[in-house]
Amino acid sequence: MKDTHFFEGLSPFALLEQYGSPLYVYNERVFRERCREMSHLVTYPHFKVNYSVKANSNLTLLRIAREEGLHVDAMSPGEIYLEELAGFTPDEIFYISNNVSTEEMAYAVSRGIMVSIDSLSQLERFGRHFPSHPVCIRVNSGVGAGHSDKVITGGEKTKFAICPADFPRVREILQTYELRLVGLNQHIGSFFLEEEPYLEGVRALLALAMDFPGLAFIDLGGGFGMPYERTQSRLDLASLGAKLSALMEDFAARYGSPVLFKIEPGRYLAAECCVLLGTVQAVKENYGHVYCGTDIGFNVLARPMLYGSYHEIEILSRDGSDHTDSLRPYTVVGNICESGDILAHDRMLPAMREEDLVCIHDAGAYGYSMASNYNNRLRPAEVLIDQAGTSRLIRRRDTLEDLTRGFEV
Ligand SMILES: *Cc1c(COP(=O)(O)O)cnc(C)c1O
């Protein structure tokens with residue numbers, strides 16, 4: 001294993017035996033460590049980490065994040081609902097809206113939850129329905145970054161946020177409806193391992209923020225990456241944190257008030273605390289390609305199919321043998337009826353047999369949260385290994401009856 005302590009002495013085979021295959025396995029200690037790293041990112045005193053729960057909204061993880069003193073972002077009323085269930089209070093929830101209905105705005109406003117608005121027309125609508133309310137706007141300062149075009153959310157090619165050219169109109173709308181602009185937020189995209197694009201985005205945002213006096217907070221966004229590939233090096237948090245602290249101190253001094261800074265990590269908190277276990281169900285050769293057929297379809301883990309994402313894959317052989325001296329390329333696939341159902345192309349892996357165990361690393365972010373019932377397959381269970389080294393179910397596997405929910409049967 002990449003991290004030999006991950007299973008805290010438990011056997012992955014025994015876990016699969018007990019809870020069924022495939023299975024999302026989380027390590028509480030690792031999740032808490034990531035929460036603490038982010039909480040201590042900067043020395044600037046007015047700082048809050050909002051966990052972006054779309055990465056993983058398991059109720060147990062939300063409760064742990066809350067224990068660690070984090071606040072949360074929400075992208076939908078459904079996320080707000082789960083966050084309230086986990087114990088977060090309205091002032092600890094930040095609703096970052098995108099193309100939402102009036103009902104969705106009202107869902108947040110009626111609870112006293114701060115809303116971020118990301119277009120002029122929605123700001124206008126917010127003003128009409130909720131005049132003189134506090135509000136935040138999402139700003140596109142022109143900087144973007146991310147692991148795939150699909151997740152770059154700043155710059156010139158994205159549906160998100162309000163451009164600086166529209167700020168005069170923003171001010172008019174704020175005035176017309178007596179809205180109080182209390183915050184700005186930005187999220188340039190998901191996944192960076194080099195600090196510079198993020199810092200560039202922060203500098204651009206702060207330059208714009210200077211023209212909006214009286215802000216209570218500025219939210220710098222998420223996107224912090226972690227190494228999916230062993231060859232990648234970790235994001236240098238000490239260096240990034242020091243530079244962010246300096247920017248925050250400098251801004252607060254020039255701005256003239258101790259503005260609260262927030263960040264919104266999702267992946268960084270949730271990815272590494274989880275491995276996805278599955279089972280090799282078939283090994284075969286088609287026209288020279290060797291396939292490792294598993295029970296992990298893209299309904300269980302969508303990232304490789306959706307983004308071409310890389311996850312480390314390990315084979316744990318049932319007979320305990322280690323064939324790492326005889327690696328050969330396998331294309332690792334799932335059990336969904338589509339040829340695109342591929343976890344990895346030509347991955348160098350040891351000789352394997354049916355019933356061996358497949359271990360997909362760093363599956364905690366955008367793993368279960370993107371799982372579906374496509375092909376009417378059942379979404380897997382989720383299990384937590386707690387700090388005492390004991391495993392417990394934190395979400396049961398779907399049942400066949402779950403598939404009929406919503407039908408008149
Ligand atoms: C998805 C998202 C995040 C989190 O992104 P990560 O790459 O998981 O850190 C933060 N803010 C907003 C607005 C998002 O949409």
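Helices (H or I, at least four residues) and strands (E, at least two) are DSSP runs, numbered from the N terminus. The structure described here is a predicted model, in which local features need pLDDT of at least 70, side-chain atom pairs count only at pLDDT 80 or more, and totals for chains, interfaces and linings use all residues. Residues are numbered from 1 along each chain as its sequence is written, and side-chain values use heavy atoms, with hydrogens and water left out.

We may start with the overall layout. The protein chain is divided into domain 1 (41-264) and domain 2 (272-404), with bounds that come from an automatic or database domain assignment. Between the C-alpha centres of domain 1 and domain 2 there is a distance of 33 Å. Where the domains meet, 18 residues of domain 1 are in contact with 20 residues of domain 2, contact meaning heavy atoms within 4.5 Å.

The interior comes next. A nonpolar core is taken as a set of buried Ala, Val, Leu, Ile, Met, Phe, Trp, Tyr and Cys residues joined through side-chain atoms within 4.5 Å. Buried stands for under 20% relative accessible area, exposed for over 50%, and partly exposed for values in between (1.4 Å probe, protein chains only). The largest nonpolar core has 106 residues, and Y51, I218, L220, F224, L244 and F261 are those with the most contacts inside it. Helix α9 (residues 237-255) gives the most to this core, contributing 8 residues. Both domains take part, since the definition of the domains places at least three residues of this core in each of domain 1 (41-264) and domain 2 (272-404). Leaving out residues up to four places away in sequence, L244 touches L41, V42, Y198, L199, V202 and L220. Another core, of 15 residues, lies apart from the largest one and includes F7, Y19, V25 and V383.

Helix α3 (residues 59-67) packs against helix α4 (residues 77-85) at an angle of about 60°, and their axes are 9 Å apart. This angle makes α3 oblique to α4; angles under 35 degrees count as roughly parallel, over 145 as roughly antiparallel, 65 to 115 as roughly perpendicular and the rest as oblique. The crossing of α3 and α4 is right-handed, a crossing being left-handed if the near helix is turned anticlockwise from the far one by less than a right angle, and right-handed if clockwise. On the α3 side the contact is made by L59, L62 and R63, and on the α4 side by L82, E83 and L85.

The second pair is formed by helix α5 (residues 102-109) and helix α6 (residues 120-129), whose axes come within 11 Å and cross at roughly 60°. That angle makes α5 oblique to α6, and their crossing is right-handed. Here T102, M105 and V109 in α5 meet Q122, R125, F126 and H129 in α6.

The peptide bond from S21 to P22 is cis, with omega near -5°, and P22 sits in the loop between α1 (12-19) and β1 (23-27). S132, in the loop between α6 and β6 (134-138), has a positive phi of about 60° although it is not a glycine. At 43% relative accessibility, S132 counts as partly exposed. E178 likewise is not a glycine, yet has a positive phi of about 55°. The loop that holds E178 runs between α7 (167-176) and β7 (180-185), and E178 is exposed, with a relative accessible area of 59%.

Two further loop residues complete the picture. Y310 lies between α11 (303-307) and β12 (313-316) and is partly exposed, at 26% relative accessibility. Not counting residues up to four places away in sequence, Y310 touches Y228, E229 and R347. R353 belongs to the loop between β14 (342-349) and β15 (357-360) and counts as exposed, at 55% relative accessibility. Its neighbours within four places in sequence aside, R353 is in contact with V280, V283 and D319. The C-alpha atoms of R353 and C292, which are 61 residues apart along the chain, are separated by 8.9 Å.

Key: Axes are lines fitted to C-alpha atoms, for helices over the stretch in contact, and angles run from 0 to 180 degrees between N-to-C directions.
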